[in-house]
Amino acid sequence: MSNIIIVFNAGSSSLKFTVFQITDKTVIQKMIKGRIEYDADTFHFFVHDENDQLIDQTTQSQQSTNSLQYLLNWLAEHEEGRHNIIGIGHRIVHGGANFLAPTQITPAILMQLEALTPFAPLHQPQTLAPVRTIASYQPKLPQIACFDTAFHRTMPDIARLLPLPRQYAQKGVIRYGFHGLSYDYLTQRLNQIDPQLAKGRTILAHLGSGASLCALKEGKSVETTMGFSALDGLMMGSRCGMIDPGVLLYMLREEKADWDTLVNTLYHQSGLLGVSGVSSDMRALREHLQHEGDPGLRTSIEQALALSSYRIVEEIGALAAIMGGLDGLVFTAGIGEHDAQLRQDVCQALEWLGLKLDVQANMQHASIITHADSSIRVRVEPTHEELVICQNVLPFVQDRL
Ligand SMILES: Nc1ncnc2c1ncn2[C@@H]1O[C@H](COP(=O)(O)OP(=O)(O)O)[C@@H](O)[C@H]1O
Ligand SMILES: CC(=O)OP(=O)(O)O
Ligand SMILES: [Mg+2]
């Protein structure tokens, strides 16, 4: 029986998992990979083999079937008997001020992580749900928490502070930053393929359903666009990103908005979805635009797309200023890896910085999409948060190998 580590990556719009086979104490090999995606009333479950071939798929009603339980049953049926599960790794969105490195989850640690829910009310419960369920039926199985916030522990104090009365900082209301597992992977990858960018002034652009930028200077995060919450910074699929806090005051006072209304508006009804009125999904918007006959709707979709790249350009300018210049830009995650048009819109707006986009290479999703004489090298690189999590689990389970 081979030894395996199962990694869970729970995001805002999906729950992904990857099964890694561990040989020789260190060698990691991906075996299968799957995900659950949520619709209004249903969830879709997909599993791919190591060659990315679809091996199982179903759609179920969320009312009659618990999606997490479905996934755990599937894993028990397909993996448990055949392999020796030596550990589980989890992406945990918020580590607060204290969790700065991967940590084995005990009942006491789980309580501490649950206590961070007010800092990430939408993500933390989702990332902790698989932990709790697995602990209830396999309490001895090592479960390791890997934190999205930890990569940004190198941010200077000044970048962490919010210009609010001091008492808020004392309560933990400071800037943390997210998507750190993705940035960790990209930094490792740059060290292998492009040490110049790994050591230089590089912006990592994680553009998925949630989106953020990280200013990487000499291999360390010095600033990022998400701050206290995963609501800050760039415009996202259905999240607004940075907005004037006066808008919240307006909603509270003029619309008598309550907590649920604010959460729903800012997290679920804004961003690409809110501005387009059509979809939070970039691919769906691009497709819509090709067939949309209604001029009003076309304008809304075009504005949503334009605002999305406008905000990215704006924040790239800010991060470049913080680093005192820019040597590289790396696009990753669903949109960053696949949406050539958005990359083109962003890169062409940065021509004044000496960035020279190779339009052809960009259309082909090449690894480097700028010309050799561009002052900023732009790369497209798939992210692999699950691999980083698996690497982080390994030191905790050496005695089980
Ligand atoms: N081929 C594509 N072209 C444009 N956008 C794409 C493509 N493939 C995926 N995306 C977009 O990527 C986003 C999802 O990114 P992903 O990193 O998978 O999200 P998450 O991990 O946050 O759930 C969606 O907006 C989706 O439309
Ligand atoms: C932190 C965050 O925004 O995560 P996701 O992109 O998975 O929503
Ligand atoms: Mg994600």
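The structure is a predicted model, and its chain is built from 16 helices and 13 strands. The radius of gyration of this chain is 21 Å, close to the 21 Å that the globule rule gives for 401 residues, so the chain is as compact as a globular protein of that length. Taken along the principal axes, the box that its C-alpha atoms fill is roughly 55 × 55 × 50 Å. Of the 401 residues, 41% count as buried. If one takes the contacts between residues at least 6 apart in sequence, 61% of them join residues that are at least 24 apart.

The domain assignment divides the chain into domain 1, residues 2–147, and domain 2, residues 194–380. Between the C-alpha centres of these two domains there is a distance of 27 Å, and where the domains meet, eight residues of domain 1 are in contact with five residues of domain 2. The side of domain 1 that touches domain 2 consists of four nonpolar and four polar residues, with no charged ones.

Around ligand 1, the shell draws at least three residues from each of domain 1 and domain 2, and of its 16 residues, Gly208, Ser209, Arg283, Gly334 and His338 come nearest. Helices α11 (282–291) and α13 (333–338) each supply at least two residues of this shell, and the largest share, four residues, comes from α13. Sorted by class, the shell of ligand 1 has nine polar, four charged and three nonpolar residues.

Ligand 2 likewise has a shell to which domain 1 and domain 2 each give at least three residues. Among the residues around ligand 2 are Gly11, Ser12, Val93, His123, Asp148, Phe178 and His179, and the list also includes Gly208 and Ser209. By class, seven residues of this shell are polar, three are nonpolar and one is charged.

His123, one of the residues around ligand 2, also belongs to helix α3, which spans residues 123–137. This helix bends by about 30° at Ala129, and a proline, Pro130, follows within four residues. Which residues of α3 are buried? They are His123, Gln124, Thr127, Leu128, Pro130, Val131 and Ile134. An α-helix has 3.6 residues a turn, so residues three or four places apart point the same way. The cover over the buried residues of α3 includes the strands β1 (2–10), β6 (83–92) and β8 (143–147), together with the helices α1 (67–80) and α2 (107–114).

Conventions:
Residues are numbered from 1 along each chain as its sequence is written. Chains are lettered from A and ligands numbered from 1 in the order in which they are written. This is a predicted model: local features need pLDDT of at least 70, side-chain atom pairs count only at pLDDT 80 or more; totals for chains, interfaces and linings use all residues. The bend at a residue is the angle between axes fitted to the seven residues ending there and the seven starting there. A residue is buried if 20 or more other C-beta atoms lie within 10 Å of its own, exposed if 12 or fewer, and partly exposed in between; C-beta atoms are placed from the backbone. Two residues are in contact if their C-beta atoms, placed from the backbone, lie within 7 Å. A residue is near a molecule or strand if its C-beta atom, placed from the backbone, lies within 6 Å of it. Ala, Val, Leu, Ile, Met, Phe, Trp, Tyr, Cys and Pro count as nonpolar, Asp, Glu, Lys and Arg as charged, and the others, Gly among them, as polar. Domain bounds come from an automatic or database domain assignment. The radius of gyration is taken over C-alpha atoms; the globule rule is 2.2 Å times the number of residues to the power 0.38.
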